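User: I'd like to learn how to read the features of a protein model. Could you take me through one?

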Amino acid sequence: MRSIRRAVRLLLGVTAGLALTLSGALPASAATTEATWELRGHGQRMCAPGGHPNTYFLGPVYGKWENKITLGIRNLPPGSYSNGGAISPGENYGNAILGFVHVSIAPAPPAVYVAELWASDGVVEQTAPIRINMREDCWSQGNPDIWP
C-alpha cells in the first residue's frame with residue numbers, strides 16, 4: 001500500500017512539473033530577482049560654486065517595470081539633501097521616460113564630490129555616479145562640469 005502511495009505522489013509531482021513547463025509558468029521558488037529595467041544615469045555632473053538650491057538630476061530608466069521605481073541621491077556634499085523622486089510602473093524602449101530627482105546642494109569647501117544616484121523597485125537597486133565639483137571658476141572656458 002505504501003509503495004502505491006509513493007508511486008501516485010511521484011506521478012502527481014512529475015505531472016505538475018510537466019504542466020508548469022508546458023504552460024511557461026515557473027513555481028515561486030524558481031522565480032528570478034533580476035531586473036527587467038536599467039538605470040542609465042551615468043555621466044551626470046554639475047559645477048556648483050557656493051551651492052545650488054532646488055535643482056534636479058535625471059533618473060532615466062530603460063526597459064519594463066511593474067512596480068514603482070523610487071529614486072534618490074546619497075553621498076552629497078555636507079549640508080546638501082535630496083527629496084528623491086519616483087517613476088510609475090511602465091516601460092521604455094527608446095522613448096524619453098525620465099525620473100527627476102530633487103536635490104539641494106549646500107555651499108561646501110572646494111572639492112570634487114562623487115554622489116550616487118540610486119533607483120529601486122523594492123527588489124533590485126541600481127546606482128550611477130554623479131560628479132559635483134565645488135569650485136569658483138565654473139563658468140570658465142573648457143570646464144567639463146557645467147551643464148550642457
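Analyst: Start with the polar contact: a pair of N or O atoms within 3.5 Å; within protein, one must be able to donate a hydrogen and the other to accept it, and residues adjacent in sequence count only if both atoms are side-chain atoms. Here, the side chain of Ser104 reaches the backbone nitrogen of Asn54 at 3.5 Å. This is a predicted model, where local features need pLDDT of at least 70, side-chain atom pairs count only at pLDDT 80 or more, and totals for chains, interfaces and linings use all residues. Residues are numbered from 1 along each chain as its sequence is written, and side-chain values use heavy atoms, with hydrogens and water left out.

User: Is Ser104 buried or exposed?

Analyst: Buried means under 20% relative accessible area, exposed over 50%, partly exposed in between (1.4 Å probe, protein chains only). Ser104 has 10% relative accessibility, so the residue counts as buried. Across the protein, buried residues make up 34% of the 148 residues.

User: Where does Ser104 sit, and how are such elements defined?

Analyst: Helices (H or I, at least four residues) and strands (E, at least two) are DSSP runs, numbered from the N terminus. Ser104 is in strand E7. The protein has 1 helix and 9 strands. Along the sequence the pattern reads α-β-β-β-β-β-β-β-β-β.

User: Which residues does Ser104 contact?

Analyst: Contact means heavy atoms within 4.5 Å. Leaving aside neighbours within four places in sequence, Ser104 contacts His52, Pro53, Asn54, Ser80 and Tyr81. His102 also lies in strand E7. This histidine is buried, at 8% relative accessible area. A polar contact of 3.0 Å joins the side chains of His102 and Asn54.

User: What share of the contacts joins residues at least 24 apart?

Analyst: Among contacts between residues at least 6 apart in sequence, 67% join residues at least 24 apart. Take Pro89, in the loop between strand E5 (81-87) and E6. Pro89 and Trp65 are 24 residues apart in sequence, yet 5.6 Å apart in space, C-alpha to C-alpha. Beyond four places in sequence, Pro89 contacts Trp65, Glu66, Asn67 and Lys68.

User: How many residues are in the largest nonpolar core?

Analyst: A nonpolar core is a set of buried Ala, Val, Leu, Ile, Met, Phe, Trp, Tyr and Cys residues joined through side-chain atoms within 4.5 Å. The largest one has 24 residues; Ile69, Ile73, Ile105 and Ile132 have the most contacts inside it. Strands E1 (37-39), E3, E4 (69-74), E7, E8 (111-120) and E9 (125-134) each supply at least two residues of this core.
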